[in-house]
Structure formats: C-alpha cells, structure tokens
Amino acid sequence: MRTTLGLLLATFAAASAAEINVIPRPVTVVPGQGAFRIRSNTALVVAPAAGAAGRLLASRLALKPSEARNARDNSIRITVDPSVSIPSREGYVLEVTARRVEVRGNSEAGAYYGAQSLLQLLAPGGGSIPCVRIEDYPRFSWRGAMLDPARHFLPKAEVLKFIDLLAMQKMNLLHLHLTDDQGWRVEIKRYPRLTQVGSIRKETRVGLEREARGFDGKPHGGFYSQDDLREIVAYARDRFVTVLPEIEMPGHAQAAIAAYPELGNTGEKLEVFTRWGVNKNVFNVNENTILFLQNVIEELFPIFPGPFIHIGGDEVPLDQWKASPAAQARMKELGLKSEIELHGYFIRRMDQFLTSHGLRLVGWDEILEGGVDPSATVMSWRGSKGGIAAARRGHDVVMAPNTYTYFDYYQAKAPTEPLAIGGFVPLEKVYEFDPVPSGLSPEEARRILGTQGQLWSEYMPTPAQVEYMAFPRLTALAEVAWTPVPQKSYQDFLRRLAVYEERLRALGVNFRAAAKQ
Ligand code: TNX
C-alpha cells in the first residue's frame, strides 16, 4: 500500500515537474506541490517600478492591476527589488505557491522577464500555475536577431510582431539592416533622394543568383519614415528590446549611389540593384562622402537609443578604389599603402565620429582587416575566427557566425523546403552553439557580449517566410544566449518546444514544426 502511494506521489511530482516548460530554460527551477488557480477576483498587485511587467500580465491574464500592497492570498504581486540576490540586472525570482504568486525583479527588465516566465507556466489556454520557485538570469547581455528589410521590405506591423516574439523568449536586441544595394529603407530628411530613388528597385532576380534565370519584372519597394522608426523603438523599449540600426558602408551601397551618383567611384549612372551577391559599386572615400554619411547617421541619433550604431563594413571589393585616380590620390595624401588600409581609414573616421558623440561603432568582422581601434565592437559572421581575433585584441564581440546563426540557410534537407540561399543550419546545430569559443582566456571570454540570429532576406520575400526561417531556430538561440551550459539539454528543449509551438500557433506565427521531417 505504502509503496503504491509512494509511486503515485513520485509520478505526480514528475508530472508537475514536467509542466515547467519555460523557454529559455531558467537557471534554477525547484518544483513544488499543487498549483495556484487564477480566479476572476485574483488581485494583480504591481509596484510602480514594475509597470511594464504589470501591463503584460494585465493584458494576458485579463486582470486589473492595482498598486503594491503587502503580500496577501489570491494575489499575483510584482515588485522591483535591486537587492534580490541574482547576479544580473535582468534577473528575477518567481515564487508560486497555492496561495499566491510573487515576481521579484532585480530591475524593471528582470520583473518583465519574471512575468514572461509566469505566462509560460500557464498551460496554453489554462488558468492554473504549477507551484515552483525559479531563480533566473541571462548568461549574455546581447541576445539578438537581425532583420533585413533592405532586400525585402518588412511592413512595420511585422516588425512589431517580431519584437513581441523576441521579448517572449527574453531576447533584448533587434538589429535592423536598413540599407543595402537593393534598397534604402530609412527616411533621411536632409537627403530625400535616398528613399525617393533608393527605396524602389524595378524588379528582382528570380531563383538563385548563380542560376541567372531572369527577373520578375515587378517593382519592389518600401521604407520606414522617421516616425515609423520612433514607433518601433518605443514599442521595443516597452518590451526591453533595444533597436540597433545598421547603415551599410562603404560596400553594399548601390541604392544610395543610385540616388546620389557623386557618392560612387565611376560616375556611371546606376539603378537600385536588382540582383543578389557581392557588388563592386562601393562608396568613394572623398571627404564629402564621409561627411554625407556622417550626416545620415547623425539624423538617427535622436531616434535610436544607442549606445551602438552599426556601420556594416563587410564585403567591400577593392576594384573600384584600385582603378580610381581620386582614391589613389587620397591614399597617397593619407600615406596609406593599400586599399585595405583605405577601408580601415574609412571605418576609423566613422568610429571617431561616433565616439565623439558618446556612441559605439559596431561592424562586421572585415573591419579588423584595415586596422580599427579597440573601441569598435566586432560582429563575427565568417565563422568565429574574427570574433576570437577581435577578443584577443581587446574588442567587444558579438558572435553571429554563419555556421550557427545564419537563419537564411536551410534548416532541413527535405526537397519540399522552400528555396533558400544554401548552407545547412538545422535546429540541433543552433542549440549546440556556444558563443564563447574554447581557447579564450577568462578575460578574453568576457569580451563576448552574446549572440544574434541573422535573417538575410534575399530568399524571404514575405513576412511568413521570415517567420518560417526564424522559428524555432531563433527560439533555440534564445536558450543559447540565456541558459548556462550545464542546464542545457536538447532533448529537454524539444519537450518544452512542443508546448512553445502551441503558443506560436496561437500567435499566428508561421514556424517550421520541429517534428516535421
Ligand atoms: C553575406 S553577412 C552578407 C549579406 C548576405 C548574406 C547571405 C554579411 C555581413 N554580408 O550581405 O545577405 O551573406 O547569407
């Protein structure tokens, strides 16, 4: 009799532990017995400092928030308490007993993440929360995703939806790749032709670039007004997501040169690029062009929160500078021996400009090649090599290697997969990524700020396709960025993901089901 009861209790405990489905997996989870039931008269008690967390719970649980009072039964209470002994500002403690729920954040962001975890403790559509004590905080401070509205424009509504999805998995950075050869997507009041001309291309390559199968014959366009961007930034701020703008230079510049030909090297009249791939039409390095680009960036200062501004720096063919008398004269005047040093000069000018405004430059790992000050933050995309070299040279680093975080690569080998650029980055590979490469000293390892997933959109013509490529791989990356290595388990992730997929479905997200072959 005893044994049967013991067995029954054990099964019960296991079943209740199995209800803890939070993604990313929290640092510590101690399951309890029983559950807290949310009733129509449950009090939602929100400290003034925890407003964002309170609003999130109020809207999702259909409860009216009231001001903080002492703990009492039948209540969900959210407070901000910087003395919570959690080693991160973004941390929180969440305690659920049958009588009440307490969320204590180390900061407003921590309280918000506690609220997000609480929502994930509810079975989809359910009204009870299993008893548990969770102590939680992120492994990395940079937990991001990059959207590419330059290749295929993404309507503002989709960007806002994406921000909600980032926040749900405790990601805190949205990198917007706002300009490229195929389109300029940000209103710059001083230079209106950037969007008048640069935001529309007359048609787009059909199929893979290398197959050269022709064009669709249809114009593609769109851009964000400065008001749109202010709205996106405010929406993101309410969800503890920082928006990082990227203005590409000196390569990936054809849309801008089409608008203002004096920015180019050849004087040739160009149109906004209609093909994909690395493009030889790069900005010149005349003083006027440097000032033009600094003026562009300066218009962004009041819109974006900082401290980071991304200036690209990747994939700059040197052919036009080699052939240009002006570029050669400039090199001579500056005492530079090669075109790659001219690239370095260009990036350093931007770094000095940003630094003088109290901001910080981010660039793709090519910025290391021409010599750049350690003030610049390096985004390592060609594998992790650039990131390792940068950390050793004292740069801050964001790990964005194509080998693990390029979500424009195929996620499955099935012949039914929609066309992608190539590559192969399946879900399990993303999950196994460790942003801190082995071989770094502890001090170098501290330079790794975190990681982000890339959604280059050459082959993502619709928001639905962006979602298909992003989820669930970005969900796996959220756990990479948040959860300590010893707590990670792919099998356990898959178990929790099955429940998470129900939430994605309810939110109308076009994810690729992990179980699909
Ligand atoms: C390389 S990553 C690029 C992008 C492309 C991407 C496609 C990087 C800094 N440059 O311009 O969209 O590959 O995977």
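Contact here means heavy atoms within 4.5 Å. Helices (H or I, at least four residues) and strands (E, at least two) are DSSP runs, numbered from the N terminus. The model in these views is predicted, so local features need pLDDT of at least 70, side-chain atom pairs count only at pLDDT 80 or more, and totals for chains, interfaces and linings use all residues. Residues are numbered from 1 along each chain as its sequence is written, and side-chain values use heavy atoms, with hydrogens and water left out.

**View 1. Helix α4 meets helix α6.**
On the α4 side, look for K156, V159, L160, I163 and D164; they meet D228, E231, I232, Y235 and A236 in α6. Sorted by class, this contact has six nonpolar, no polar and four charged residues (Ala, Val, Leu, Ile, Met, Phe, Trp, Tyr, Cys and Pro count as nonpolar, Asp, Glu, Lys and Arg as charged, and the others, Gly among them, as polar). Helix α4 covers residues 156-168 and helix α6 covers residues 226-238; they pack at an angle of about 15 degrees, with axes 10 Å apart. Axes are lines fitted to C-alpha atoms, for helices over the stretch in contact, and angles run from 0 to 180 degrees between N-to-C directions. The pair α4 and α6 is therefore roughly parallel (angles under 35 degrees count as roughly parallel, over 145 as roughly antiparallel, 65 to 115 as roughly perpendicular and the rest as oblique). The crossing of α4 past α6 is right-handed; a crossing is right-handed if the near helix is turned clockwise from the far one by less than a right angle, and left-handed if anticlockwise.

R239 sits in the loop between α6 and β14 (242-249). With 18% relative accessibility, R239 counts as buried (buried means under 20% relative accessible area, exposed over 50%, partly exposed in between, with a 1.4 Å probe and protein chains only). Leaving out residues up to four places away in sequence, R239 touches Y112, I163, D164 and A167.

**View 2. Helix α2 beside helix α3.**
Here α2 (residues 51-61) packs with α3 (residues 108-121) at an angle of about 20 degrees, and their axes are 7 Å apart. That makes α2 and α3 roughly parallel too, and their crossing is right-handed. From α2 come G51, A52, A53, L56, L57, R60 and L61, while α3 brings E108, A111, Y112, A115, Q116, L118 and L119. Count this contact by class and you get ten nonpolar, two polar and two charged residues.

**View 3. How α2 is tucked in.**
Eight of the eleven residues of α2 are buried, so this helix is largely enclosed by the rest of the structure. The buried ones are G51, A52, A53, G54, L56, L57, A58 and L61. They pack against β2 (43-46), β3, β4, α3 and α6. Just past the end of α2, A62 has a positive phi of about 55 degrees.

**View 4. Two nonpolar cores.**
A nonpolar core is a set of buried Ala, Val, Leu, Ile, Met, Phe, Trp, Tyr and Cys residues joined through side-chain atoms within 4.5 Å. The largest one has 121 residues, and F162 and L194 have the most contacts inside it. Setting aside residues up to four places away in sequence, L194 touches W184, I188, S199, A256, A259, Y260, F292 and V296. There is also a second, separate core of 35 residues, which includes L56, V103, A109 and I134.

**View 5. A400 and its neighbours.**
A400 is in the loop between β18 (397-399) and α13 (402-405). At 0% relative accessibility, A400 counts as buried. Not counting residues up to four places away in sequence, A400 touches W364, M379, S380, W381, T405, Y406, Q452 and Q454. A400 and S384 are 16 residues apart in sequence but 7.9 Å apart in space, C-alpha to C-alpha.

**View 6. Backbone details in the loops.**
A cis peptide bond joins I23 and P24, with omega about -5 degrees; P24 is in the loop between α1 (2-18) and β1 (28-37). Another cis peptide bond joins F471 and P472, with omega about 15 degrees. N74 is not a glycine, yet it has a positive phi of about 55 degrees. You'll find N74 in the loop between β3 (65-67) and β4 (75-80).
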